[in-house]
Amino acid sequence: MATENYDAIIVGSGAGGGMSAYHLTKSGMKVLMLEAGRNYDPRVESPMFNTNAEAPLRGVGTPDKPFGFYDATVDGGWEVPNEPFTVAEGSEPFKWWRPRMLGGRTNHWGRIALRFGPLDFKPKSRDGLGFDWPITYDDVAPWYDKTEKLIGVSGAAPARGLLNTPDSPPGCLMESAPPRAFEIFYERAFKAMNIPVIPMHGAVVTGQMEGRNTCLFATPCGRGCAIGANFQSTTVLLPPAMATGNLTITTNALVYQVDLDKAGKAKGVSYVNRKTGEHHSVTAKSVILAAGSGETARILLNSKSSLFPNGMCNTHGMVGRYLMDSVGTGVTGQFPALEGLPATNDDGQGTQHTYIPWWGYEQQKALGFARGYHIEIGGGRRMPSMGMAGLLGGDQSLVGDALREKLRNRFGSTIGFDGRGEMIPNDDCYCEIDPVAKDKWGIPVLRFHWKWGEHETNQAAHAVKTFLEVIDRLGGKPEGHVETDGKKAISKGGEMIHEIGTARMGHNDSDSVVNQYGQSWAVPNLFIMDGATMVSSPDKNPTLSILALAWRSADNMATIAKQGAL
Amino acid sequence: MSDAPEPYVSKIDRRTALAWIGVVGAAAGVGTGVVVYGPITGGERITRGYGTDPKLTKPEKAPWSRIMIPEQLQTAAILADYVLPANATAPSASSLGIPDFIDEWVSAPYPDQLKDRPVIMNGLNGMAPKLLKASAAERAAALAALAASSDRTTKKFWKKFRGLTIGAYYTTEAGFKDIGYIGNVARTSDPGPSAEVKAALEAQFKKLGL
């Protein structure tokens, strides 16, 4: 390795790292990718058709596998062994989901691939809150087009022109699978409320696509896809990057520092091998951080030198600031109208087939919160899990044939409504280096600070109210205790696993860490290509935008490299 | 006909059993889909979980030692078969090895299961004398009393045991068949719901005024 002359080191192999590796290696650059986790190959490791009966404890989540035994996540989840983090005293709770595997969180993500809209890039100009991005939707739109065509996204539909809900140009998307019974069912209630229901944009190959397999319309995407029909960095980005001969991947390499040369340029990074504990330093002409917003900020903050005593690129205290997540809320309903429907295969395409984009842009002032949410809705006759007794609606007496009959009748009659909403960045949400705590290798860890604002808690309350109205219109009853107080109904910080910000892009080095192409202001050959650069946190799930922005940034970087300016 | 309940024989489906071979050396086949395991003979009790990186495509047997003794398994079998006895088209809970699953659950080292352990174990111990050495009539009365009980501890046990039994039962292939789950098969396309399903929905929309 010491003899290799790399053009770039990429830290991380998920959406940002995978996409930048894809583009740079195809541009002829020699790339070393460092991934903190182990090698992972979904082609042989995905338990696609396994039943819960084959898994320990019937597949339920445990602290070892919090999203269930079959979830693709390796060596992690809400806690990563040997790699703690802390939450500051007095902070609201913060959760941090981390895997340790090649491809990162693209292996288990929800495959919801929504574009940010024009208003999302200029929120402050519209309502005076938060911050504007230094770029517009039009700057990113061509990269969204390219990204959708590369990763394979379903959801094609005639252009609707809904406000801030971009229609992809023809040729970008494949058609979604048709709505299932529960999706036909809920659409009717939203229609009565004048709220549009449209096809979900899902990162799943639902039709013919060159070089890709089509979805089998079975098994949850979160287990991984052995045939590569959904988007994972490990099936879609890394194999073609490897095929160029320009990519070297080193796994179990936990990067903790960017190394500087005497001129103040990045000369490489230092990492610890998670298995052996050995420390290594590697060099390249440039460094790209795409370790995920938290880890990227941690690496910068831990990279201290005489030039950057408070962490690299942190002269103005911007690293770690404006950490954001999505607002999450959910209510489940049970619907007599769906009882006893004929058996149907509702496994579907992995993502929801339809969804509800935010509809209240024009009423925002009257609503009492500035930004909206979209609704993700799950239901249908899905593979039974340990929670089946929940179908009985509290009945504790039935046994035998009467019990069988009630379960059969109610199977598929529940629908879960989940809001995913925009959060406005605030001064109380950030991460910093914990002055005391360290990981197994002695590397200082992150300390998080979190506080939801009123715009978010009011939004959560509105979402719950909306779900209850929909459930009522459909003749259903909410299940369990429903929290209508937004402060209690809202998810915990980080819980939606959409943490972004911490090294945002901007116009200059006093208001931001990087420029619009992820190039850091302070160290010109240091780039950031993950969600850390995001300026706002629109309701749309961030992965598609991380991919599109990484591609745009990598393209700019390749141009700089060709000019010999790295 | 004897009053004694049919003896429960530990069993597990053949596919899992095959995956276990090498882990449980004492396994011996006794007919289609049924494997009897030898008794636990000494050795240290294992209390570790399966870890953060278990094999997913061919899951191994949960590594922790089982804590239930034959009387408790037998009691669990009677209770599980009270919840879901065999009928003309579906097997009984005990024939699907649900008591073994209950054992796996209460023996597990994770927080949720550790919380359930005393609830289930105390419940089984409390029910054992009423079920194992009772007449058929006494047994039936003891079972019927569970759902009707107003005692908090009994209610908690019944709710938990019945819930575990239902979950464990319907996560099997036999459970899929009984409840009408017809997915988990590769398809070339998803045609969406049938005309029959759509018509049924339309009828419901009329009732709901939608």
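**Exercise 1. Determine how many residues of chain A are in contact with how many residues of chain B, and describe the side of chain A involved.**

Solution. Two residues are in contact if their C-beta atoms, placed from the backbone, lie within 7 Å, and by this criterion 65 residues of chain A are in contact with 60 residues of chain B. The structure is a predicted model, in which local features need pLDDT of at least 70 and side-chain atom pairs count only at pLDDT 80 or more, while totals for chains, interfaces and linings use all residues. Residues are numbered from 1 along each chain as its sequence is written, and chains are lettered from A and ligands numbered from 1 in the order in which they are written.

Next, look at the elements: helices (DSSP runs of H or I, at least four residues) and strands (runs of E, at least two) are numbered from the N terminus. On the side of chain A that touches chain B, α6 (181-192) and α10 (400-410) of chain A each supply at least two residues.

**Exercise 2. Find the order of the strands in the five-stranded open sheet of chain A, and explain why one side of each edge strand is left without a neighbour.**

Solution. Strands pair if DSSP finds at least two bridges between them.

**Exercise 3. Work out which strands of the four-stranded open sheet of chain A are its edges, and whether β14(A) is largely enclosed or open.**

Solution. The order is β14-β15-β12-β18 in chain A, with antiparallel pairing. The edge strands are therefore β14 and β18 (477-478) of chain A, each of which pairs on one side only.

Then consider β14 (residues 373-379) of chain A, where a residue is buried if 20 or more other C-beta atoms, placed from the backbone, lie within 10 Å of its own, exposed if 12 or fewer, and partly exposed in between. Six of the seven residues of β14(A) are buried, so this strand is largely enclosed by the rest of the structure. Seven bridges join β14(A) to the antiparallel strand β15 (residues 414-421) of chain A, and the bridge partner of G379(A) in β15(A) is I415(A).
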